[in-house]
Amino acid sequence: MKLPKISEIIQDISYPMKKISISDKLYIFGRNPELSLAEIVARYNVNQSSPIIKDLTASGIIIESEKHISISNCGAVLKKCKIIGVFLKNIPISEIALVLETHISGEYIIDKSNWGISSYNDDSVHHATLNSQTLHQLAKKGFKSIGIKKAYYIPPMEGNSLTPQKLLRKKIIDEGIEFILWYRKKDVILCQTEEIIDIDSFAKRDKERPHKRLLLLLGLALARSMVNLVSVEKNKHNLPIYDPFCGMGSIIQEAYLLGLQSMGSDIDKSCVIRSQENLNWISQTRGKQFRKKYGIFPSKNIFEMDLIAPDIPLLQNFNGSIVAEPNLLTPLKTYPSIFEAKKMINQFEENYNRYLKGISQILPTGGICVLIFPQIHTAENIRLSLEIERLLKKYKFKICEIKANNAKFPSFFIHAWKSPIIERQILVFKKVK
Ligand SMILES: C[S@@+](CC[C@H](N)C(=O)[O-])C[C@H]1O[C@@H](n2cnc3c(N)ncnc32)[C@H](O)[C@@H]1O
């Protein structure tokens with residue numbers, strides 16, 4: 001199966017002949033642009049608003065919509081930015097100065113706060129009147145004009161942009177300002193970051209929850225993105241989320257915090273108890289809005305079950321979506337040979353056949369499943385994976401498509417950081433008749 005590549009999606013999309021307007025929003029992608037794009041499309045579906053993509057690069061996307069999304073609900077989108085102005089490349093500097101001064105005078109900036117500039121798509125930086133050097137000078141003048149005596153410039157560390165970590169540590173969004181320069185062929189779009197991914201709350205939740213199992217744990221940001229991916233299909237939001245491999249309950253807790261009813265099961269009794277305790281803790285400490293509506297997370301929503309022999313009577317009325325990560329753990333410490341990897345694939349094939357059979361018995365027709373499959377990275381630098389399409393077909397599943405303007409691409413993503421032995425293939429599919 002062909003993995004969607006952002007470069008190909010960019011080629012396939014046609015953009016409406018509409019100018020960028022200040023009511024549009026720019027979103028900056030994370031490490032995996034395909035996943036960020038899918039999550040953004042899914043969140044607009046949750047909002048029931050129809051996004052029109054006006055620009056798309058490997059760094060981010062500009063969207064027109066009657067109602068925009070908040071990235072506090074996302075796990076794979078780094079920044080949301082408002083648009084200050086669009087400047088042709090050779091525009092006189094005085095015109096930029098005017099727009100910038102007017103903008104700064106309307107902003108809340110604290111004296112002695114930090115500020116910064118991040119640039120994206122900057123291959124053409126040298127040819128535009130508006131670039132980070134000119135913006136630096138103009139912004140300093142602008143700060144003075146509104147009575148700010150000192151503002152500390154924080155230079156970008158990685159490439160040409162400030163990371164969300166840096167923006168948070170230096171309180172740039174709350175107290176200062178981050179400008180974004182979004183370079184294009186003929187113009188430069190000047191923006192201001194208004195929201196960033198809340199990495200601190202993911203990290204805090206992860207650290208403080210009563211139970212974790214480092215090796216088997218799914219990152220909370222990824223768990224949140226997976227829950228969001230259910231909505232790449234329209235009208236699938238608000239349905240309950242079920243994780244039949246719940247482990248410590250990462251997926252259930254992110255679904256709960258997104259305001260969704262959630263439930264889980266695991267073959268291992270100790271996992272059931274520990275995720276019940278984690279969910280109890282999360283609903284006592286974090287789920288204020290949801291708790292008001294539904295009360296403390298009910299322990300009975302997490303139960304012991306082997307997905308290979310599902311409790312059909314218990315789940316017969318289930319009308320939601322399944323989001324899960326089966327066991328991908330390997331005892332190997334080094335990359336396996338192709339021979340070893342093939343043996344592992346055979347074992348995975350056997351297991352996934354059983355898992356998919358179990359899922360097909362639980363999921364209603366039209367129901368969505370977001371599931372992680374393994375991809376093994378071998379010592380020879382070859383990647384082996386299951387024959388996913390054949391497996392899905394066997395159990396009457398169809399891969400969902402993501403729709404962006406006129407383009408469509410399959411919901412299939414690779415999540416691999418620092419070259420692990422087993423990489424995660426994330427797939428979104430639905431049950432068909
Ligand atoms: C990768 S872990 C899930 C981790 C979880 N997403 C988290 O972040 O805590 C896989 C879980 O599947 C469970 N498991 C393995 N085989 C199972 C089966 N046949 N039915 C149900 N659960 C199973 C394991 O006990 C383990 O807790």
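Biologist: Are W115 and F179 buried or exposed?
Modeller: Buried means under 20% relative accessible area, exposed over 50%, partly exposed in between (1.4 Å probe, protein chains only). W115 is buried, and F179 is too. For W115 the relative accessible area is 1%. This is a predicted model, where local features need pLDDT of at least 70, side-chain atom pairs count only at pLDDT 80 or more, and totals for chains, interfaces and linings use all residues. Residues are numbered from 1 along each chain as its sequence is written, and side-chain values use heavy atoms, with hydrogens and water left out.

Biologist: How many aromatic pairs does the whole structure have?
Modeller: Rings of Phe, Tyr and Trp (its six-membered ring) pair if their centres lie within 6.5 Å; planes under 30 degrees apart are stacked, over 60 edge-to-face, the rest tilted. The search finds 14 aromatic pairs. W115 and F143 are edge-to-face because their planes stand at 75°, with ring centres 5.1 Å apart. F143 is buried, at 3% relative accessible area. W115 also pairs edge-to-face with F179, at 6.1 Å centre to centre and 80° between the planes. These two residues are 64 apart in the chain.

Conventions. Helix = DSSP H or I, 4+ residues; strand = E, 2+ residues; numbered from the N terminus.
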